[in-house]
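Could you walk me through this model, piece by piece?

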Amino acid sequence: MASPVTPTPLLKDELDIVIPTIRNLDFLEMWRPFFQPYHLIIVQDGDPSKVIKVPQGFDYELYNRNDINKILGPKASCISFKDSACRCFGYMVSKKKYIFTIDDDCFVAKDPSGEDINALEQHIKNLLSPSTPYFFNTLYDPYREGADFVRGYPFSLREGVPTAVSHGLWLNIPDYDAPTQLVKPRERNTRFVDAVMTIPRGTLFPMCGMNLAFDRELIGPAMYFGLMGDGQPIGRYDDMWAGWCMKVICDHLGLGVKTGLPYIWHSKASNPFVNLKKEYKGIYWQEELIPFFQTTSLPKECTTVQSCYKELSKQVKAKLGKVDDYFNKLADAMLTWIEAWDELNPSTQLQNGK
Amino acid sequence: MSPPSLLSLAIDATLLNLHNISDLSFLPEHVLSDLFLRTLKAGKLTERILKIFIATEKEEVISMIQALNIQLVMTPVLPTSKLMSQVSIDKNEVDIVIAAFHSDLTSFLEEWRPIFSGFHLIVVQDPDLKEELKIPKGFDIDVYTKLDIDKLISSSNASMFSGYACRYFGYLVSKRKYIISIDDDCSPAKDNNGDVADIVIQHITNLKTPATPIFFNTLYDPYRKGSDFVRGYPFSLRSGVPCVLSCGLWLNLADYDAPTQSLKPELRNSRYVDAVLTVPKYSMMPMSGINIAFDRETVGPAIFPALKLAKEGKVRWETMEDIWCGLVVKVVCDHLQLGVKTGIPYVWRNERGSAIDSLKKEWEGVKLMEEVVPFFQTLKLSQDAVTAEACVTEMVVAIKKEKGRSHPELANAADNMVEWVKIWKEVQSRVLV
């Protein structure tokens, strides 16, 4: 049954906001009313000698490439350089239960009534209420005010499962790939779809890292954003990769993933030609990757996120190594990531959500 | 031949200038009546002019209007929806099927007239309803009653079509490609812009654009105007699969079960979610018969009134036949690489019945779902099943084998499914019904 109407807890001591950036963070001014109570983890990509200006009044820690190298030593090789994938370093060093990550070209959107959308509050609501991956509810999230489970929904499934990830959407510049951007350069997403829903078990989706929140304790180690950018044959697939790995593991461990609200306003359209160069290989590779993830299965002995992830990296090497040598490197990086994660987060033996 | 009188010429002149006239109340009655008759003869009686004549309140003219049964016909010019530019709707492909539980369908059909006008309607009268149906004029309608059901269906099977299930008879006798069906306690809903939601256009658009069950698109239906596949969506999956079932939603009284509605009598669905999306492959869902549309030619054999609860009644809270159907259809679609969409269009559902009264009846439906859902989730069909009929036939065997002994109502449902496929094949092969 739907939860009663209570104010959403702020969780200000339990949530970190992770922002990857190469430029000044003036965009935070617009978010100030919503973000100020929280601690920020800024991951500075690119040239470490550049000084990133953060607006006054925010509580933050900042890591540039030098910091990453110092903290991780040789394991820093798993963290991408010159790609927003480096943000996952922020997930690793955070000490909080929840992470919200946002791109620096994302601003506060307005809902149809003209009100500013508090994206963070919606993500928290999504994470604090259960998911329903085992049976589709046609009225979407049954735990939202004004909604419920429909006739025919089995009662034994109405408690739901813990929500590990909340995937938000974007108004204005949609998250299209380069070919679509080239064909439809002027298309803007103006449709506000007032729904949150659970992505069913066994279903994969393209996870976008622009407006994302997750429960670090439930799924953190699976949120590795891969090897992208400098020295790598591919870019703009970091969040995709993390999303596919994460979903397979969530399905295995009985955790939920939600998508839909909140919306943010995505202001910058990146250059489609540059994007095409980065994504080119990904567009071909994803034809192999999707069947791989759809058919992969994890043994029931894997009951922690780390053990699931390590098993997944073995399968990546075995089955995708032949698609391109990149995947051998990626599989190794996945293991490095888990080692680094466990080193930086020693006490938390992450169990499945049940 | 005598020349026309001055009065006659004056009336003719009035007729020529009717477009400039907004008030005729000053005219003496006999002149008014003459003018009216000449207006009719000249074919100049428009809606505006009719209203002017009525406004005079002159008895003779009013009684002429009534005697000739002149009515204001409302076929409003609907704005060309953005959707229509993508999908063309051939009215000859669509049948709208309504089950009638109450004899007076006037207010229901009048509400839906702007949307249903021009389409062929099939009304199936609940066999238990004794009174003759009252149907307003101006619709292209065929009515089927208990007599028609008895003519076509053997008496042992006729009970399949009682209550809510009588509408399935309409699906059976339809000869068109698409069926749209709504409950008779539904009215047109308004979208977030205040425009009336045209369920026909939206359902047919859903059915005529592909579905994408293999991979979830986070911007929902990528074929909608203003939307597309997002980054990361495999290109090989972007042509989608044919959509054969479109499940709409409900504002006001949503399709909740009796316990939920009893516990929260004030709960009303006021959220219009402007999306339609494909239900992913292998994901089961509760199909609500309140507002659906489907491709009859492809999945007709899999949409049937098979599951009857022992104390099934005349309110939605006491039925499960649509839920059962939905589980069957989803398995069939997943197996045959076909798609199911859910979301818009919305209807406005009105109050009917008492949830608490429905609760009092023994509600086995709830208990049954616990058994039935895991069964369908793991059901696998063979490669040889390449049509909806073949799938249903295989399913029947599985149901009887695994659930038949422990659940007689499911064994019964399986029998009904067999009968349905038989009747379906028979009816389809006949030239005339």
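Here is a tour, starting with the ground rules and confidence, then going through chain A and chain B.

This is a predicted model, in which local features need pLDDT of at least 70 and side-chain atom pairs count only at pLDDT 80 or more, while totals for chains, interfaces and linings use all residues. Residues are numbered from 1 along each chain as its sequence is written, chains are lettered from A and ligands numbered from 1 in the order in which they are written, and side-chain values use heavy atoms, with hydrogens and water left out.

Let's take confidence in chain A. pLDDT is the predictor's confidence in each residue, from 0 to 100. Chain A has a mean of 93, and 96% of its residues reach 70 or more. Where pLDDT is low, the predicted coordinates should not be read in detail.

Now look at strand 2 (residues 39-44) of chain A. 6 of its 6 residues are buried, so the strand is largely enclosed by the rest of the structure; buried means under 20% relative accessible area, exposed over 50%, and partly exposed in between, with a 1.4 Å probe and protein chains only. His39(A), Ile41(A) and Val43(A) point one way, while Leu40(A), Ile42(A) and Gln44(A) point the other.

Strand 2 of chain A has partners too; two strands pair if DSSP finds at least two bridges between them. Strand 1 (residues 15-21) of chain A pairs with strand 2 in the parallel sense over 6 bridges, and Ile42(A) is the bridge partner of Ile19(A). Strand 3 (residues 59-63) of chain A also runs parallel to strand 2, joined to it by 5 bridges, with Glu61(A) as the bridge partner of Ile41(A).

Tyr63(A) lies in strand 3 of chain A. Tyr63(A) is buried, with a relative accessible area of 13%. Leaving aside neighbours within four places in sequence, Tyr63(A) contacts Ile41(A), Ile42(A), Val43(A), Gln44(A), Ile71(A), Phe89(A) and Val93(A).

Next, back to helix 5 of chain A, which holds Thr180(A). Thr180(A) is buried at 7% relative accessible area, and its contacts, not counting residues up to four places away in sequence, are Asp228(B), Phe229(B) and Arg238(B).

What about the packing? A nonpolar core is a set of buried Ala, Val, Leu, Ile, Met, Phe, Trp, Tyr and Cys residues joined through side-chain atoms within 4.5 Å. The largest one has 249 residues, and those with the most contacts inside it are Ile219(A), Trp241(A), Phe116(B), Trp324(B) and Phe376(B). Apart from it lies another core, of 17 residues, among them Leu15(B), Leu18(B), Leu24(B) and Leu35(B).

Finally, chain B comes to 15 helices and 9 strands, and 57% of its 433 residues count as buried. Chain B is divided into domain 1 (6-68) and domain 2 (81-432), with bounds from an automatic or database domain assignment. The centres of these two domains, taken over C-alpha atoms, are separated by 50 Å.

How values were computed: Helix = DSSP H or I, 4+ residues; strand = E, 2+ residues; numbered from the N terminus. Contact = heavy atoms within 4.5 Å.
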